[in-house]
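This briefing is for a reader meeting the structure for the first time. Please look over the sequence and the model, and then follow the notes on its open spaces and on one of its chains.

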Amino acid sequence: LDMQTEVQSRMKEGFRSLRLSESSFAFLLNAPTVLLILLLVAYPIVYSIWLSLHSYHLARPGRFPFVVLSNYLKVLSSPEFWDAAKITAIFAFFSIIGVVILGTLLALILNESFPGRGVLRALILLPWAMPPVVNGLMWVWIFDGRLGAFNGLLYSLGIIDSYRIWLSNPVTSLPIVIFAYIWNRVPFSAIVILAALQAIPLELYDAAKVDRAGRLQTFRHVTLPWLWQAITIVLILQTMTAMRVFDEIYMMTGGGPGSATTVLAWLTYRTAFLALDFGLGNTYAVIISIITTILVIVYVATLGHRGEIRI
Amino acid sequence: MKSSVWRKFLLFIAAVFVFSYLVAPFSWVVITSIMTERETLSVPPHWIPHNPTLKNYVLFVTGGKGGNAVADYGKSSPQWTPQSVTRFPVSFRNSVIVSISVVLLTLSMGAPAAYALARLRFRGSRLLLVAYISLSGIWDYLTRCQGLFSRILLSHCLLSSGSYEVTS
């Protein structure tokens, strides 16, 4: 501790001898990052917005007319966009609910003491260690219509009498993709919530016992308030990633069958990289970013004070 | 007394559920990986491989017959089948290069920035932090380059929790 303060005071002396004020030293330290962000993030963002204001189709090279907001009007008036928006909303809603509730349940179980808890706590990292693309590949193999383990399992248990093509069925494809998505993302929320659970002072539970609170009451009035901050963080991060889900869709269904799993990110990809309409594709991308920004602001405004999120 | 036995029993059931939820999907991939190609095509699937083999792993690491696939790649008359070309040595080398340079770059740029945000007082520090977070979290959708900035955020969290220890 003394070491740290000493190092700190020495560093402060160091830049004083360089005749730098504290704030210019701070800016100096931030300069490389800011430069890199300007180059790698800000420039592409501005460029993307710029493209979205133009008609830019790779199949028609040389033409790059400025069309103001007509791309946006085209998108907002197309049924394709609203279909994809609806499916994105369904996907985001159920995957967020799934990740938060399942994550909380897993965290509550892993917070109890039972033989083998250490093993389970280590194993929870297993889905997390898998990149989303590999996760998609794994679930494609499991839900395969001809060779899949899921079919084999249900068949040998006598639940189905013939193999089903799960991912080519418009009714089952979206739930299965959501399930696969949740499996991959749930460990993160479980770990965050578990950390929050372990920070709850045990005296509070003793106090609840003295007050003769039931198990449910204890959970509602002691555990849950302490979990709000963690749950809010998980909610915000999950909303951001679920709104932009791509990997699992790409691997498992390719937006199909028909447009049953065509989320906005997939529509963006298809428009920009398959139909080569970069103007329209960038319009989609900008719209998703705007929607996500609004959602996050709403979260912070409504849940922020509850979870005491301070930025 | 009775309720505690029930509690233990329910916890055990829950733990078994959690275990199978986490492990079952992945274990099927592992089981498949030690099957022969022929056996992976069996209907109904063999839950336990009848003649397990590590051939797939050898093929993956060596990249085919004697490791020649890498050298053969791109030649006009290559001697490989689609399964034998994993180009593992090349891909592995690329992954190592990418991860080492990402770690070095993000740490060398992110750590000073995080130090400044956590320890120094200066105008616009909050604005800078909000810009880092929102650019990395939301608008990076347009750029798909999250790695660096989530690490800055992380090191900022680590540093600021460290500073709490110092001040308290």
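The lining of the second largest pocket draws at least two residues from each of α4 (79–111), α5 (117–123), α9 (173–198), α10 (202–210) and α11 (215–243) of chain A, together with α1 (2–33) of chain B. This is a predicted model, in which local features need pLDDT of at least 70 and side-chain atom pairs count only at pLDDT 80 or more, while totals for chains, interfaces and linings use all residues. Residues are numbered from 1 along each chain as its sequence is written, chains are lettered from A and ligands numbered from 1 in the order in which they are written, and side-chain values use heavy atoms, with hydrogens and water left out.

**The second largest pocket**

- A pocket is an open set of points on a 1 Å grid over the protein atoms alone, with protein on both sides within 12 Å along at least five of seven lines, and lining residues have an atom within 4 Å of a point.
- The space in the second largest pocket comes to about 1200 Å³, a volume being the space filled by probe spheres set on the points.
- Its lining is made up of 33 residues, and those nearest the centre of the pocket are L108(A), E112(A), Y205(A), R215(A) and R7(B).
- With 8 residues, α1(B) gives the largest share of this lining.
- Sorted by class, the lining of this pocket holds 18 nonpolar, 8 polar and 7 charged residues, where Ala, Val, Leu, Ile, Met, Phe, Trp, Tyr, Cys and Pro count as nonpolar, Asp, Glu, Lys and Arg as charged, and the others, Gly among them, as polar.

**The cavities**

- There are 2 cavities of 30 Å³ or more in the structure, a cavity being a set of grid points where a 1.4 Å probe fits but cannot get out.
- The second largest cavity, with a volume of about 40 Å³, is lined by residues of both chains, including W141(A), L147(A), W28(B) and H46(B).
- The lining of the second largest cavity divides into 5 nonpolar, 3 polar and 1 charged.

**Chain A as a whole**

- Chain A has 14 helices and 0 strands, helices (H or I, at least four residues) and strands (E, at least two) being DSSP runs numbered from the N terminus.
- The radius of gyration of chain A, taken over C-alpha atoms, is 25 Å, well over the 19 Å that the globule rule (2.2 Å times the number of residues to the power 0.38) gives for 311 residues, so chain A is more spread out than a compact globule.
- The C-alpha atoms of chain A fill a box of roughly 70 × 65 × 35 Å along the principal axes.
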